[in-house]
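Colleague: I'd like to learn how to read a few features off a model. Can we look at it together?

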Amino acid sequence: MIEGAWLLQDEENPVALADICLAWICLNLRQLCERRSDGSLCFHRCPVFPQELADQLLCRMAEEGVLNDGTIGIFRSHEHLRLRRALLRSSHLSAEPFRLAICPHRLQELDVSRIKGDLTVSDVLLSLANEECRESLQKLVLTGLDLRGENVEASSLSFSALRGVKSLGLAGTELDDSGLEDVSALPLLEALDISNTNVTDLRALLGCQASLRSLTAHGLTCLDMTPAQLLYVLSHLPGLRHLDLSDNTLNADRDCVVKQLLEEPGILPSLVSLDVSGHRELTDAAIQAFVEARPGMTFIGLLATQAGFCDFFTGKSKLKVAGEANIAQISEALHRYSERECFVREALVHLYSLTNDSDEPQPDVLKLVSTAMQSHAHSLHVQLLATACVFNLTSQDLAIGIPLRLLGNIVRQLLAAMRNFPNHEQLQKNCLLTLCSDRILQDVPFDRFEAAKLVMMWLSTREDQTLQRMAVAIVSILVTACMLSYWVSWLLSVLVSLQQLLCIVQQKASVGVVDSTLKFALSALWNLTDETPTACQHFIECQGLELYVEVLESYYSESSIQQKVLGLLNNIAEVAELRTELLDEDLVQHVLNLLQSPEVEVGVSYFAGGILANLASSGEATWNLDLELRNIVVAKLHSAIMTWTPPEREMVSYRTFQPFYPLLDSSQPTGVQLWAVWAMNLVCGNLLYLFELKVFGQALILNNCFSFLAPHYGKMLQDEGGFALLKTLITHPNTHNDVRRLAEGILCSLEQQQCLG
């Protein structure tokens, strides 16, 4: 396995069945449980869980944010859910629910770091009053908790009863010298984290010098020891294998403690891991000499030390280095310091500079950046740097070599950053630059509706032309992907999205500009109104119809613009209640001219025909213009359609054929029916063959005419009852031969595809 590959195993492999089941349980806890009288939950029916699976369920509930005073109640049933490793970090828990759920279990590991609630260290110790639990517990992490509640006396706080504990994490607590003395009396203590505590003197550690193997002691701002005193303590810990003296403040080693440690001969002979990151002005020579004197060393932390750049630290060896000299060192730093914001920021600064010209995908690095974003979601500095790194690591074709699941997680982090920092211009720009990728927008699984909403809300308050172009392009593609119309309806309930897009169209049209921003805005509006009568109504209320008539007249030679404009007007024409809005004689005449003009592309004529076919389909009773004009429209529809040559590329796709079915009714004029069957035939794949057969009067070889979506459309026809309507149309005595031939062609084409499939 190559270095870093372990990070990606979960991203490249299918999701484990156990993970799927646990996620489902977390999502449906309320439905699976009933409430006790005290408000806590218990399962309606609960089988005996394998112990490891019970541990995973608890951990998953904490990670998903569903572990609280109520839901933790399910673990009171220790006969069915037996816990050994209870990882509850960052959950919302109070003392009593915690005690009732945790006390019955014979735990080996308990992690309650950064619990949100009134849970204190003294509460945890009282909850571990069970003698069996005290004996079995080997690892306890209490990071970030208050030591005791308001009414708890200091004398009542004691770790001495936890005789079996080998690893203890007290970082970020109010631990003082007396507490350290108490802790140091634990007979089996091997690993201790006292970072960011109130300890002033480390001499109490001599009480556990026989057993202590790992000491993490960064951020001891209250420490009141001379370098000689500190080195004395360290020199009397001969079994110490891991030492972390890193400095979050990123200052120079003012007291020269680390420098003296590096130069002290024979000190800490068993050391395999030393972290001195953050101590400025260390030299490669001193560190190399220290490491070489201890051949068993496997890790050295050198981030923000100005060291680690010589070949000894950058070459391939068993020594892992957390530093900034190359991508490998930065990756190690992001992995080791994922929860230490200052070091994450420092690593990301250097990662950004080293990935500016990336030409190979680096998914392992990207996953580390994703973890950093998730761990520090509310840190502007981290998010700003991370989003810039994400762009470097996914730009151009780099995204193609990255697992989809990892990209999906990255997009979720980007959307979270956009939500958390809506007014930070550069961060929003970083996110938009990354999102503006075909691979991400089309292939990656994420909440496209949420993304469209965020981008539209951002777009409504910005006028930067470059960012505006990106945002409109993203929205255009996202709206196309949001196939469920109720998503679009909800999005449009906030009118700003549609109004802002219309403003962009108006700005561009007022100066006659034809650019990608205008085209994307028109595409987005077209997609927003597709199969969405509410959106069509909003469009009209926002004076969009008047604007679009102007655009049609202004861009008479731009077929790409005309096709998008006519496509939206066709969406409106499909809504029977709104057709009268389009029954303006000048507009109808203009569309009629586009239908029959030999100078326009078939795509323009096609959508012009759709508008006219829908308007004419309502019958003479609702046609409030001259009836002779309606007769002309119907006749011209028929004659124009018979001259159309199918386009060489896909021109349009449909979510449903429902709008076409009313046009197939036997009472409809031939021109209306003909447009509908031509449109259906266009996407069903056999149109080219049928028209060549009619024009040249002979059978031709069918060459690559089937649309790759034809099977999808065939199933759609079957499910929606379209086959029956076509057969009725074919057998009706009044059906025109041109219509019948096309309808028969659709059925024949789909039957052939079924045979080939």
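Colleague: Is Phe660 buried or exposed?

Modeller: Buried means under 20% relative accessible area, exposed over 50%, and partly exposed in between, with a 1.4 Å probe and protein chains only. Phe660 has 1% relative accessibility, so it counts as buried. Phe657, at 0%, is buried too. Bear in mind that this is a predicted model, where local features need pLDDT of at least 70, side-chain atom pairs count only at pLDDT 80 or more, and totals for chains, interfaces and linings use all residues. Residues are numbered from 1 along each chain as its sequence is written, and side-chain values use heavy atoms, with hydrogens and water left out.

Colleague: How many aromatic pairs does the structure hold?

Modeller: Rings of Phe, Tyr and Trp (its six-membered ring) pair if their centres lie within 6.5 Å; planes under 30 degrees apart count as stacked, over 60 as edge-to-face and the rest as tilted. The structure holds 13 such pairs. In one of them, Tyr606 and Trp678 have ring centres 5.8 Å apart and planes at 45 degrees, so the pair is tilted. Tyr606 is in helix H29 (residues 602–617) and Trp678 in helix H31 (residues 670–684), so the pair ties together parts 72 residues apart in sequence. Helices (H or I, at least four residues) and strands (E, at least two) are DSSP runs, numbered from the N terminus. Both Tyr606 and Trp678 are buried. For Phe657 and Phe660, the centres are 5.9 Å apart and the planes at 50 degrees, so that pair is tilted.

Colleague: What lies over the face of Phe290?

Modeller: A charge sits over a ring if NZ of Lys or CZ of Arg is within 6 Å of the ring centre and within 35 degrees of the ring normal. Over Phe290 it's Arg294, at 3.7 Å from the ring centre. Elsewhere, the charged end of Arg336 sits over the ring of Phe299, 3.6 Å from its centre.
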